[in-house]
Amino acid sequence: MSRKESHAYRLKQLGIIGQPRNLMPGARAVQNASLKLLLANVRKAQPTIEPLLCQLGLGDRLQHRTEQLSMGERQRVLIALALSMDPELVLADEPTGSLDTQRTREVLGLLRDLCHERQMALVLATHDPQAAYFADQVHELRDGHLTEYRPDRAPGEPAAALPEGA
Amino acid sequence: MAGVNLSGILYLYEIRLKSKSALIQESFAVLGIAIGVALLFASQVASTSLTSSVTQLDTQFVGSAQVQLEARGPEGISDQLLSEVKRQPDVQVALPVLDRQVNVIGHTGERSVYLIGVNPQQVRASGPLLRRFSARQLAGQQAIALPTPLAKEIGVGPLQTAKLQIGANFIETLVGTTLGQSEIGELVHSPVAVAPIGYAQRVAGAPGKINLIFVRYNPANAQVARAALQRLAARWNVNLVPGAFDSQLFAVAVAPESRSESLFSGISALVGFMFALNAMLITVPSRRALIEDIRPQGASRWDTAKILLFDALVIGVIACALGLVLGDFLSVAVFHGTPSYLAVAFPVGNNRVVTWKCFALAIAAGLGAAIIGVFWPMREILAQALQPLSDRADHRRAWTVARVAVGLCCLAFTTAILLFDTQAALVGNIALVVALVVLMPLLFDVLVRLFEQLSKLLDGVGSALAVTELQTVQTRVRSLAIAATAAVAVFGVVEFQGIQTNLENGLNTSSRDIDAAADLWVLPSGRLNVQPTTPFSPTAVNTAALARVPGVGQMSVFRGSFLDWGNRRLWVLAPSGSLLHPIPSSQVVSGDPTLAAERVRQGGWAVLSQALAAEHDLHVGQTFTLPAPRPLRLRVAALTTNLGWAPGALILSSSTYAQAWPSSPPTAIAIQTSGGASAAVVRNRIRQAKAVAPGLVVETSAERDRRRFAIAKEGLSRLTQIRLLVLIAAILAVIGSMGAMIWQRRDLIAFIKVQGYEESTLRRWLLCEAGILLAAGCLIGAVFGLYAQLLGSRFLATVTGFPIVFNIEIFAAITSFALVSVIAFVAVALPGYLVVRVPANTESPAY
């Protein structure tokens, strides 16, 4: 993939949900969430993202700056950013790492619903076992190998690697 | 964390410095403050040196003498006055001096110096200069002594010969010795040549004449002694003035330059301070992180303040030391020059005088910038526990309102000064800078909003991101600091370039008008003899041979000299009444120029500088007594500008001059061409005819005008140097802080790249942001600078009486605006280019 193709892929087909700390400091929620849409159409970027932010429960926080948002709210801004271009694939790296249990459930639920609704694939990497309840498929990454997920596995018990192509 | 002590602070500091990036940031802050300190120190030394060099020579020369009796004319007074002074009962010491401005010509160059003739037997009463000189080298020699650097410059050494040019005459003389630093200290840089008085009288062609008598009287009987000396002074028509009177006269002469330099130094200080402050802002994120780390561990606000104060002091002290060294170098390399136009009438040296005030100001600014730079961005974090959030917001609103109110008051104050009291322009200028700084956030926001509207029309991603970033609280302090630095620099440069151009145009008009009185001028050679005030023997010009030269029309004698009147050393011009334009009509500010010229021709009338007339409460038509060697009642024909000579000028006819200055020789011959011959052709014919002595030069009015203007411009050269230095420092400040600001965005850029942004888009964002910042800052500075031009030009015109042509120098504003913006913009393109190459990444936190 050329550099140009790589940029285009990241922009249109891939959504990445990072850490809440990645947001532009000082920028408003609507500005942060419309970062990708700016590249498509500057004028329509903010009006386009607003319904999604409202759907994510941030309707009254659109004009709040990063520092004025809670960690859960920032995470939802990042979700809006990742989904803003209707990508085919969303990658989420520890999206709930800095959230409490209640917020974690809210965010994961939202993610699942939105991905179903928009027909997107979501790959979520997390250490949080409760995330498994929101996933269609769960795999365990152990000692560098992808294994079958067994929540009842005892500590130290060897795990069988998944077959090729699984 | 209970009560952090010094060892704890040191430990924290040490571990933080182990991080390479922290070390680089702190080093950059040190460098930034050092450059600010250097700029301030160098400009202070420059402005102090000029005045101090004359004062130093004066006090060193005068020693313990309380008063001096000073001749009123260049021909001096008879040394019989000395015997009378010595006969006064309370006079303890009377030291006669003959001084003349002469050219000393060596093997490799020439210099205009003050030849000081003193009595070797009596110099013990004088200051250190002559005491040391007498004890070692003076007695009995028929020679002169020169300061070593001056001797080297013109290529002569001890016991070698040099030529002295006095008027039109050349005399060969022996350089008996040269005087080094160990003998005459800092005076080694003064333009003096010392000789026994008898020898000085002989070479000057003034046997039995002296210019000054320094007198030390019995302090217990001071009143009686002074009264007796006053009576003597009145009888001999000489001035009784304080011992170190030249310093007072010089202070008046140099006032416009000093004031301008003070203003320039003030602006330099502000730019230097902002540079330092900007540099400190680079370290804000790491310091903020430190506070956020230690506060939850139990560190009180006082503990945190102590840690921050230690940081500030370390940076401040190292930066001040570095800045002083750098400033010392700058003051030697950049500001080392003497304004020649003042050297015409004063012994201006080029010694560098560094006073404790120069050090104190530079160190205070450096430490102040470090402390403010550390504490200001942290003020809210430090105060967090004291104020609830809503109060802070209210406080911020109140602070904004107060700032706007202060800014508007300052603007109103400046306008009032411009309209009603231009003399207070210095205060007005300070008020204008305060207004600029306090209104900066508001104006900046307005300009960013305007750009936001514009960017909506442009539909650009880069501009949209730039506006977003400029409106964020996190970057606001830094953005404002950068814009303010650019604004203050452009403000200073626009103001002073405008004033300087107006002044130069005025000087040009004035000198052209004076010189246009005749087509050709014959006067003693010597680069500085442009006024002209150096007398020469009438026999140096063969008038009969001159009259025979084809194209030579009417010839007339021109006389000129300097006259001390009150605290002013006036330039006296005495053109012949036969000249078509004896007074420069463009310089008349009160009275009818044609009538005034007619009256001056008649005799008994004089034209005065406005400032001089105001000092003596004189108006057109009023009578006054001119304190010349033979006091004369004159009437005021008109008032003029100071004709480019700061203390003021006086014009009377050559014949009136001869009454007041009896036996005064000519100082120039003015020649009108005839028969339509060009001045340059006639000049060549006169040279070929050898109708004038070799010590005289023949110049066309245009040549003289160019020479005079070149020397007058030298007086402004230091202003140009400071202006350029301010500009360079501002550009460096802007580049440094913008580069650092861009560099700190690496993590954010890495995250944005993950979202699919191309490097070209990110580059456009960074350049767009830099462009808005610079354009906003420079635009605000340029607008305020134009206003300040008006104020400054009016100030110089009314307070100093300089001839000024009023113009609003829009071109100067545009060039300064463009120069700072474009150079800084181009320079930040490099860090911008590098920073967008950071790999796409979501790992690191942005701040």
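What share of the 166 residues in chain A is buried? Buried residues make up 37% of chain A, where buried asks for 20 or more other C-beta atoms within 10 Å of a residue's own, with C-beta atoms placed from the backbone. Keep in mind that this is a predicted model: local features need pLDDT of at least 70, side-chain atom pairs count only at pLDDT 80 or more, and totals for chains, interfaces and linings use all residues. Residues are numbered from 1 along each chain as its sequence is written, and chains are lettered from A in the order in which they are written.

**Chain A**
- Chain A has six helices and five strands; helices (H or I, at least four residues) and strands (E, at least two) are DSSP runs, numbered from the N terminus.
- Reading from the N terminus, you get α-β-α-α-α-α-β-α-β-β-β.

**Where chains A and B touch**
- Chain B gives 22 residues to the contact and chain A gives 22 residues; being in contact takes C-beta atoms, placed from the backbone, within 7 Å.
- On the chain B side, α18 (461-470), α19 (473-515) and α27 (746-754) each supply at least two residues.
- The largest share of that side, four residues, belongs to α27(B).

**Two helices crossing in chain B**
- The axes (lines fitted to C-alpha atoms, for helices over the stretch in contact) of α1 (residues 6-17) and α12 (residues 301-333) of chain B come within 10 Å and cross at roughly 60°.
- B:Ile9, B:Leu12 and B:Tyr13 of α1(B) meet B:Lys306, B:Ile307 and B:Phe310 of α12(B).

How values were computed. A residue is buried if 20 or more other C-beta atoms lie within 10 Å of its own, exposed if 12 or fewer, and partly exposed in between; C-beta atoms are placed from the backbone. Axes are lines fitted to C-alpha atoms, for helices over the stretch in contact, and angles run from 0 to 180 degrees between N-to-C directions.
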